[in-house]
Amino acid sequence: MKTGFLLSGRYLIQGVIGRGSQSTVYRARDELLQREVAVKLFRDDADDLEHTRRQGQEIRILAGMSHHSLVTLFDAGADLSDPEGSLRYLVMELVRGPDLRHRAAQGPLSSAHMAVIGHDLADGLSYIHHHGIVHRDVKPANILLVDYSNDDRRPRAKLSDFGVAIMTGNSPASEDGGTSGTPAYLSPEQAAGEPAGPLSDVYSLGLVLLEGLTGKMAYPGAPVQSAVARLLHDPDIPEELAPLWTALLSSMLARDPAERPAAREVSLALRQEIINGAARHRLEEAPNTVDEEGRMRAVERYRILDTPADGAFDRIAGLAARMFSVPVAIVSVVDHDRIWFKAHHGTDVTQIGRDPGLCASAILQDDAWVVEDATSDPRTLTNPLVAGEFGLQFYAGVPLRTPDGYNLGTFCILDREPREFSAEDTRTLEDLAAIVMNDLEMRLQSRGAIAG
């Protein structure tokens, strides 16, 4: 199609963005709404019924989806101006930015960058899986990096090209099988010609994240060689990657689909890594920032570091342990590098390092931080308290927040067995934390009155 062609009297074709075996994507201008768009023009092959069926399915899938991590469909139609054949097309949002394949060609991306990209993609996959859609072709070329051209430098990613996607439960079994997708990013079950499910997309996303972090394709080579390789050996996950990445990628890239986390779990794990990474950045790059300095001044103001055990807090911790039927309940205060237990029902430990302590993550939250099964939750499964001798499997913590908004520490409960934690349970724990914080406020005011 030539530049300047007015498709259906509305979309002015401006240039080619990309080409595939079944379609070509053009940059265009919607003359009616006066905006830039992307037009996907399908190859004209009226005799290929399978190709026509897939076009219709892609349109139905995109028309029913609305999510920030998916490319938005604006319109679909056929230009009938040529008597020799119609021009079938989709009109989608124009994403300004490179795809991940071109970005990755410049070298490995940072862990923080990949966490944000991975979170967006996992969030999008969770959305389509919930709606019964399997993408089947998650790869760098189908991941568009959004450039919003403003002061917000947070990278965003969108998943595109649903040309081989399927709607589970709505397609004959014969259509779900076979090898669909790109060989270098196929799941083992796809490589074996077996039906692909939602966890196949999780595996492919794992390969994409691993490649982004290392700058190397896990299964290079000719298509058949690449596809078969994953049936024979697991991908190499470098030991120098952070523990969260090692654990998460190992689970996502398990050859047995049943051992992989759902896309929703991957999204939650990477969201937590984004939060933790932002906190680490603030502490490492600017250790004297106002927020951390202010928080530590608040800790010092309440005079709760280096003080003897407090009987009042012990009683509240004991009450929490009885109410929730848990072995351990703790009132903690988070220092620069340590977590101090001001009350510790069920354990003799009085302090631990800040890094392994889950309280250090809990104080980064605005609300309660609950991990119902730490051994399967990607946010915590590599934590020493979980993987080590202590055997932590459940954690629920509420920040001890001052009236001026600083989190001193947490009121938390722990168990060595996984357990469910309801919204009512959360409110109860928040009430107990409020009692602790109220006691600290009263002591602070009493000291002020005496000093006055």
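User: What conventions apply here, and what is the mean pLDDT of the protein?
Analyst: This is a predicted model, where local features need pLDDT of at least 70, side-chain atom pairs count only at pLDDT 80 or more, and totals for chains, interfaces and linings use all residues. Residues are numbered from 1 along each chain as its sequence is written, and side-chain values use heavy atoms, with hydrogens and water left out. pLDDT is the predictor's confidence in each residue, from 0 to 100. In this protein 88% of residues reach 70 or more, and the mean pLDDT is 86.

User: Is the pair of F394 and F421 stacked, edge-to-face or tilted?
Analyst: Rings of Phe, Tyr and Trp (its six-membered ring) pair if their centres lie within 6.5 Å; planes under 30 degrees apart count as stacked, over 60 as edge-to-face and the rest as tilted. The centres of F394 and F421 are 5.6 Å apart. Their planes stand at 50°, so the pair is tilted.

User: Is F394 buried or exposed?
Analyst: Buried means under 20% relative accessible area, exposed over 50%, partly exposed in between (1.4 Å probe, protein chains only). F394 has a relative accessible area of 0%. Therefore F394 is buried.

User: Which residues form one aromatic cluster?
Analyst: F324 and F421 form a tilted pair, 5.5 Å centre to centre with 40° between the planes. F421 also pairs with F394. The cluster is F324, F394 and F421.

User: Which ring does the charged end of R419 sit over?
Analyst: A charge sits over a ring if NZ of Lys or CZ of Arg is within 6 Å of the ring centre and within 35 degrees of the ring normal. For R419 the distance to the ring centre is 5.5 Å. The ring is that of F394.

User: What is the bridge partner of T24 in β4?
Analyst: Strands (E, at least two residues) are DSSP runs, numbered from the N terminus. Two strands pair if DSSP finds at least two bridges between them. Here 8 bridges join β3 (residues 23-30) to β4 (residues 35-42), running antiparallel. The partner of T24 is L41.

User: Which are the edge strands of the open sheet?
Analyst: The sheet has 6 strands in the order β1-β2-β3-β4-β6-β5, with antiparallel pairing. Each edge strand pairs on one side only. They are β1 (6-7) and β5 (73-79).

Terms used:
Helix = DSSP H or I, 4+ residues; strand = E, 2+ residues; numbered from the N terminus.
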